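This report describes one protein chain for a reader who is new to structural description. Please keep the sequence and the model in view while reading.

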Amino acid sequence: MKNYFLILICLISLSGFSQSTGTVQGSVIDKNTLETLIGAIVQVEGTSFGAATDIDGNFKISGIPVGSYTVKASLVGYKTITRFNVNITSGNAQIINFQLDNSSTDLKAVEITFDKNRSAAAVDMVTPLSVQTLTTEEIRSNPGGNFDISKVVQVLPGVAGAAGASFRNDIIIRGGAPNENVYYLDGIEIPVLNHFQTQGSSGGPAGILNVSFIEDVKLSSSAFDARFDNALASVFQFKQRDGNKDRFSGNLRTSSSEVAATLEGPISPKTTFLLSARRSYLQLLFELIDLPIRPNYWDFQYKISHKFNEKTTLTVLGVGAIDEFSLVAPKESTPDNTYILNATPVINQWNYTVGTGIRRLIDNGFVNITLSRNMFNNEIDRFENRDDSDEANRILKIRSQEIENKFRIDVNKFKNGWKWSYGAMAQFVKFNNELYNRIVKGQTLSNGTVIPEVVLNYNSNIDFFKYGAFGQVSKRFFENKFLVSAGLRTDMNSFTDNGNNPLQTLSPRISVSWNFKPKWNLNASVGTYYKIPIYTVLGFRDSSNTLVNRNTEYIRSTHYVTGFEFLPKEDLRFTLEGFYKRYSNYPVSLRDGISLANQGGGFDVLGNEPVTSTGGGETYGFEFYVQQKLVKKIFAVFSYTFVRSKFSGSDGKLIASAWDYRHLISGLLGRKFKKGWEIGLKYRFAGGAPYTPFDATLSQLNFPTTGVGVLDFNQLNTLRLIDFNQFDFRLDKKFYFKRSTLDLYMDIVNAFGFANPALPNYSFKRNEDNSDFETTDGQALKADGSNGIPVLLQDNSALVTPSIGFIFEF
């Protein structure tokens with residue numbers, strides 16, 4: 001322990017005698033046309049540091065004392081915009097880019113305003129409501145977030161995680177299922193966002209994206225820009241920064257679960273790169289604490305930017321992951337560990353997304369062209385009692401691949417206050433799926449009753465095209481006080497029976513925003529959105545090898561949203577929004593009669609069964625949100641959401657869905673101190689989520705051969721878990737050296753030890769030494785489970801998870 005104190009004292013001494021200054025650099029461009037702005041003034045508030053942009057629209061300010069600052073960019077004829085919590089360090093240069101919006105053409109009527117993209121507000125001309133943004137610093141410093149964007153966004157209004165699985169990254173937006181969200185990285189769609197992702201959904205235990213690449217994240221939970229297809233609940237736009245064009249630099253980051261390295265720099269005067277790799281060592285930690293699961297993953301990310309000339313820019317990017325999930329018998333055997341060993345499948349996955357984008361400036365606007373390819377490979381195996389020596393013991397086998405090749409083009413123009421865009425997309429899709437799933441093992445009971453075997457066993461390979469087109473137009477009227485934005489989109493495909501009818505997916509949307517008083521906006525929108533059913537549904541074949549789900553329809557959701565926005569200061573924002581979403585054509589399982597909207601929050605594959613497009617649903621509620629950007633060393637966020645989520649199955653009755661949390665509360669408070677100290681506090685609450693009890697008879701019959709219980713869908717979601725509560729704490733200390741920075745941090749998840757909900761697991765009672773099942777007659781467990789003693793394993797964990805790590809910038 002003395003050695004650690006000596007190291008700490010040395011670090012403090014060295015950092016104290018070092019020259020602690022840093023650099024901020026970037027560019028300033030026109031928000032609507034993306035043209036470079038020459039002579040824009042970039043000012044570090046509270047200091048004499050500033051610079052004007054050069055002929056290429058670039059700026060660089062050096063020698064700034066380390067610390068957190070507010071940085072503003074301004075130019076005559078444009079609205080001044082503000083970037084809060086810009087963290088200047090002596091390690092990496094802080095790279096930020098400003099997009100200035102035109103101010104009123106009547107200079108006499110111009111008020112002192114600020115751009116809604118970079119100050120406390122987040123909306124714009126296309127999407128004037130239901131929008132939130134997060135900067136890279138807000139993601140990095142989020143308590144309990146572990147630099148994971150999917151976890152960090154759960155502090156925003158209307159956003160929740162999966163019930164009974166606080167360790168997962170499922171994102172539930174306003175009561176919609178996890179697979180209703182879409183994700184774009186610099187305009188290229190990335191369908192796989194998490195390690196160990198649930199196929200057909202989007203959740204998993206750890207995010208893939210490297211926060212060191214991210215400049216900001218924009219979340220739209222309604223009023224979607226018409227350029228985005230397949231979104232029912234939200235659109236996430238991740239904007240990556242460019243690499244440092246002046247020198248090679250990077251960072252090394254460790255935490256309790258992983259180590260990550262990032263490198264960046266110039267390749268040529270016109271070309272920069274970003275490159276990262278991350279390796280998990282969770283498997284070593286779980287072995288150390290004697291847990292049976294062994295998650296192990298790698299991920300990689302890169303971005304190359306090349307500027308051909310002042311009008312044309314090329315971007316090449318990629319992100320990928322390798323995931324291995326295995327099981328090992330722990331040294332200490334317990335009923336819970338035994339259940340995990342027998343009920344959890346072995347998972348091996350890999351995925352990647354690669355893409356190229358060209359942006360070309362044209363008169364009064366720009367054109368984007370992107371080509372991309374993504375692939376997801378999923379292999380899952382499970383055997384009775386983990387005995388894989390005999391194929392007869394197999395319960396589950398999945399060998400699946402999803403491959404998409406995409407082309408997108410959009411034209412964006414701005415003239416005389418009118419902003420419009422139009423474009424098209426085309427995709428070639430391949431889906432390969434080999435499935436064996438023994439749902440019920442055939443057997444003859446002691447009374448002579450024959451239980452037939454229920455098995456799904458097929459091999460399916462399909463390919464088809466998807467295509468769509470859109471248009472969007474926006475304009476401010478009445479001295480810029482009234483905004484109207486309208487869009488239209490249609491999507492088609494060559495696979496489903498009615499897929500080539502553009503009228504069936506015609507999706508109009510319109511949004512309005514009225515600045516009825518200074519600092520007050522009244523906003524409203526209505527829009528219809530469509531999503532094609534997931535590939536595991538489309539590719540399902542029955543026992544006669546027929547693709548029985550070709551008659552499915554696009555899922556439809558119509559949103560109605562209205563609310564107020566109050567901006568008393570450029571660093572403070574209040575919003576209040578009410579929403580109602582109506583669903584139709586939702587897939588309903590023909591086997592169980594339940595809507596697939598209730599599924600996707602676990603590790604099982606979603607789909608792989610016959611369905612009918614007869615399900616409906618509705619979600620409704622309201623959100624209140626307050627955001628205080630960093631001012632006087634303090635920043636804070638608070639949100640409250642009331643939400644109801646209901647979906648119908650084959651009986652047509654709307655009942656509470658698995659995402660019907662009712663109440664969501666989140667709060668975040670941060671304080672920066674002198675000498676590099678920073679503290680963050682975060683609290684989240686979610687009301688108890690509905691869940692389905694087990695069918696006692698079928699579970700007792702099924703458990704001996706499958707190791708799991710059978711849910712009673714006649715009582716779908718009739719029970720509720722306990723409420724979710726979590727308080728997280730984070731403490732940072734930065735040490736500044738001449739050309740490097742060391743950030744030591746301590747992060748404590750669930751610091752108050754709240755008991756958090758977990759779904760119960762069906763099992764049989766085991767004997768004292770856990771070597772076998774205890775039975776009613778003292779004999780060996782019968783094949784039909786009739787002498788087993790049913791128990792529910794309930795683990796509402798109150799685990800406190802501390803983490804210590806560092807970030808070294810150089």
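## The surroundings of T312

The side chains of T312 and R360 are joined by a polar contact of 2.6 Å. A polar contact is a pair of N or O atoms within 3.5 Å; within protein, one atom must be able to donate a hydrogen and the other to accept it, and residues adjacent in sequence count only if both atoms are side-chain atoms. T312 belongs to strand β21. Strands (E, at least two residues) and helices (H or I, at least four residues) are DSSP runs, numbered from the N terminus.

T312 counts as buried because its relative accessibility is 12%. Buried means under 20% relative accessible area, exposed means over 50%, and partly exposed lies in between, with a 1.4 Å probe and protein chains only. Residues up to four places away in sequence not counted, T312 touches H306, K307, I358, R359 and R360. Contact here means heavy atoms within 4.5 Å.

## Basis and confidence of the model

This is a predicted model, in which local features need pLDDT of at least 70 and side-chain atom pairs count only at pLDDT 80 or more, while totals for chains, interfaces and linings use all residues. Residues are numbered from 1 along each chain as its sequence is written, and side-chain values use heavy atoms, with hydrogens and water left out.

The predictor's confidence in each residue, pLDDT, runs from 0 to 100. The chain has a mean pLDDT of 90, and 94% of its residues reach 70 or more. Confidence is highest in strand β29 (residues 482-493), at 98, and lowest in helix α1 (residues 2-17), at a mean of 47. Over residues 4-17, pLDDT stays under 50, and the model has eleven contacts beyond four places in sequence for them. Residues 105-119 also stay under 50 in pLDDT, and for these the model has 35 contacts beyond four places in sequence. Where pLDDT is low, the predicted coordinates should not be read in detail.

## An open sheet of four strands

Four strands form an open sheet in the order β3-β2-β5-β6, with antiparallel pairing. The edges are held by β3 (50-52) and β6 (81-88), each with a single partner strand, so one side of each has no neighbour in the sheet. On average, neighbouring strands of this sheet are turned by 20° against each other, direction ignored. Such angles are taken between axes, which are lines fitted to C-alpha atoms (for helices over the stretch in contact); they run from 0 to 180 degrees between N-to-C directions.

Two strands pair if DSSP finds at least two bridges between them. Strand β2 (residues 41-44) pairs with β3 in the antiparallel sense over three bridges. Q43 has G50 in β3 as its bridge partner.

## Hairpins

Strand β17 (residues 249-254) and strand β18 (residues 258-268) run antiparallel and are joined by six bridges. They form a hairpin with three residues between them, and G250 stands opposite L263 in β18. Strand β18 is also joined by ten bridges to strand β19 (residues 271-280), again antiparallel. The hairpin from β18 to β19 passes through two residues.

Two residues lie between β32 and β33 in their hairpin.

## Nonpolar cores

Which residues have the most contacts inside the largest nonpolar core? They are F236 and F238, in a core of 37 residues. A nonpolar core is a set of buried Ala, Val, Leu, Ile, Met, Phe, Trp, Tyr and Cys residues joined through side-chain atoms within 4.5 Å. Among the elements that give two or more residues to this core are α3 (149-152), β16 (234-240) and β21 (312-327). A second, separate core of 28 residues includes A223, F228, I555 and A658.

Leaving aside neighbours within four places in sequence, F238 is in contact with residues including I149, Y183, L209 and V217.

## Two residues with positive phi

Most residues other than glycine have a negative phi. N364, in the loop between β22 (346-362) and β23 (365-383), has a positive phi near 60°. N545 has a positive phi near 70° and is placed in the loop between α6 (535-538) and β32 (555-569). N364 is partly exposed, at a relative accessible area of 34%; N545 is partly exposed as well, at 45%.
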